[in-house]
There are 2 protein chains.
Amino acid sequence: MTSKAEFSRTYILSAGEADARGLMPLTLLTKQVIEIATEHANALDIGYATLIESNFGWVLSRLSIDIDRLPCINEEYTLNTWIESFNRHFSERCFEMFDNCNRIIAHIRTTWVAIDYSSRQMADMTKLMSGGFPILDRKCPVEPCRRIVIADPDNAVADNYTFKYCDIDLNRHVNTVRYLDLILNQWGLEFHDRHNIAHFDIIFAHECYFNEQVVIRRGDDAQGMTVVEILKGDGNRAIASRIKWQARQ
Amino acid sequence: MTSKAEFSRTYILSAGEADARGLMPLTLLTKQVIEIATEHANALDIGYATLIESNFGWVLSRLSIDIDRLPCINEEYTLNTWIESFNRHFSERCFEMFDNCNRIIAHIRTTWVAIDYSSRQMADMTKLMSGGFPILDRKCPVEPCRRIVIADPDNAVADNYTFKYCDIDLNRHVNTVRYLDLILNQWGLEFHDRHNIAHFDIIFAHECYFNEQVVIRRGDDAQGMTVVEILKGDGNRAIASRIKWQARQ
């Protein structure tokens with residue numbers, strides 16, 4: 001049963017969308033999470049068209065995913081979304097991914113910030129908060145992502161990359177899913193064949209731009225999870241991400 | 001009106017799918033062309049499931065696109081496809097892209113080859129040809145792409161690239177649309193802002209693989225169109241493409 005407080009969409013994973021293992025790539029899941037968040041916000045009148053009247057806009061700030069398994073080729077799957085909580089600066093939006101036996105195969109938590117385009121600062125959403133944010137009394141089991149820190153940065157592995165034309169989206173920033181490509185590309189085919197991602201966190205801290213050269217730094221955090229950071233030329237973190245790998249059967 | 005000889009699908013361009021100019025990227029158009037070709041072949045019982053019984057499979061060999069304009073954000077558009085002609089080795093499949101005023105905004109011609117996976121040679125499709133290939137008496141105005149040659153290869157501009165994990169598809173080859181990313185990335189944001197692609201040809205000659213380093217060579221052909229080639233380590237052409245640029249208004 002779907003109320004206005006929930007929004008869902010069903011997809012089929014096409015062969016062309018699958019990764020080298022025949023599974024849904026994390027990049028596609030992220031793209032769809034952003035798309036249905038956008039559609040749900042539009043349906044609630046807290047989407048682009050409403051916010052732009054105040055010169056505000058939503059920005060994805062954090063994304064955390066617990067993955068049991070990912071859909072395979074020609075498999076039907078459904079993503080649903082609801083707002084778990086909000087305040088005048090942030091909105092916690094959660095998602096579940098179901099397979100066609102109605103089993104939950106992934107839980108997703110996102111944090112969205114409204115930006116005031118005039119000041120490039122966080123917007124105050126107080127005046128939009130009456131009625132526009134229906135809350136579902138359903139807890140998402142994914143822990144909010146707090147800090148992501150490489151335990152021993154002096155021994156981190158570094159790579160670099162310069163953003164190209166096809167990396168750029170209509171806001172003239174690097175497209176969100178391209179950061180994920182860059183992160184996943186730090187490992188080869190053979191490693192991905194032997195490992196699944198059981199948990200993934202990403203913090204979008206600063207935007208990157210066309211022709212910008214970044215450093216990709218990789219190490220472990222204090223809990224032994226893999227951390228990948230994307231650092232801007234001035235040393236600021238554009239992106240921090242964390243991966244819990246699991247050996248594939 | 002749609003018969004079995006035609007297949008169509010309607011889409012809306014989402015903000016996340018748009019390029020830096022707010023338009024449909026050529027990569028997305030190519031992805032959708034491949035997807036509806038696959039769906040139509042499945043509906044005609046000449047798709048993956050049927051061909052694999054003979055250990056055959058379809059491979060996209062050539063793609064040519066005449067573009068009047070590309071859909072913009074939140075615009076609805078429709079792609080339809082039909083088989084224009086076939087013989088025991090090749091199938092010519094054409095497409096039209098309509099905007100929601102039913103105007104044709106792009107014409108597309110593709111050539112598909114059936115491959116015998118046992119021999120890695122062209123398959124003989126004779127036994128599948130009775131009834132499976134309904135032909136529409138509708139001519140696609142896109143000229144078939146013959147040869148693509150850089151007029152002065154000694155003065156071509158060269159770049160290089162090594163294919164990464166996210167470039168690889170479930171066949172363990174480079175994903176078709178990633179070649180287009182690589183081609184389009186030879187120009188910067190400012191050039192793309194000032195130019196549209198009026199015509200695009202691409203020939204898929206040889207597959208590329210994970211971790212393979214290629215040379216991207218760029219020059220003009222004898223007619224002044226831009227040619228981009230992707231060359232394998234042994235000097236063989238993996239990809240040849242040709243672009244007719246048009247100044248944007």
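**Close-ups of a predicted model**

**View 1. Glu229(A) and Arg237(A) touch through their side chains, in a polar contact of 2.8 Å.** Keep in mind that this is a predicted model. Glu229(A) sits in strand β10 of chain A, which covers residues 226-231. Arg217(A) joins in too: its side chain and that of Glu229(A) make a polar contact of 2.7 Å.

**View 2. What surrounds Glu229(A)?** Setting aside neighbours within four places in sequence, Glu229(A) is in contact with Ile150(A), Val215(A), Ile216(A), Arg217(A), Arg237(A), Ile239(A) and Ala240(A). Is Glu229(A) buried or exposed? Glu229(A) counts as buried because its relative accessibility is 4%, and the cut-off for buried is under 20%.

**View 3. Chain A meets chain B, with 30 residues of chain A in contact with 30 of chain B.** Tyr165(A), Leu170(A) and Arg172(A) are the chain A residues that lose the most area to chain B, together 27% of what that side buries. Between them, the two chains bury about 2,600 Å², and 56% of that is on carbon and sulfur atoms.

**View 4. Arg172(A) reaches across to Asp193(B) in a salt bridge.** The side chains come to 2.3 Å, N to O. On the side of chain A that touches chain B, α1 (26-43), α3 (176-184) and α4 (189-194) each supply at least two residues. Sorted by class, that side has 12 nonpolar, seven polar and 11 charged residues.

Terms used:
Residues numbered from 1 in each chain as written. Chains lettered and ligands numbered in written order. Predicted model: local features only at pLDDT ≥ 70, side-chain atom pairs only at ≥ 80, totals over all residues. Heavy atoms only, no water. Contact = heavy atoms within 4.5 Å. Buried area = accessible area lost by both parts, 1.4 Å probe. Salt bridge = Lys/Arg side-chain N within 4 Å of Asp/Glu carboxyl O. Helix = DSSP H or I, 4+ residues; strand = E, 2+ residues; numbered from the N terminus. Nonpolar A, V, L, I, M, F, W, Y, C, P; charged D, E, K, R; others polar. Buried < 20%, exposed > 50% of the residue type's maximum accessible area, 1.4 Å probe, protein only. Polar contact = N/O pair within 3.5 Å; in protein donor to acceptor, adjacent residues only side chain to side chain.
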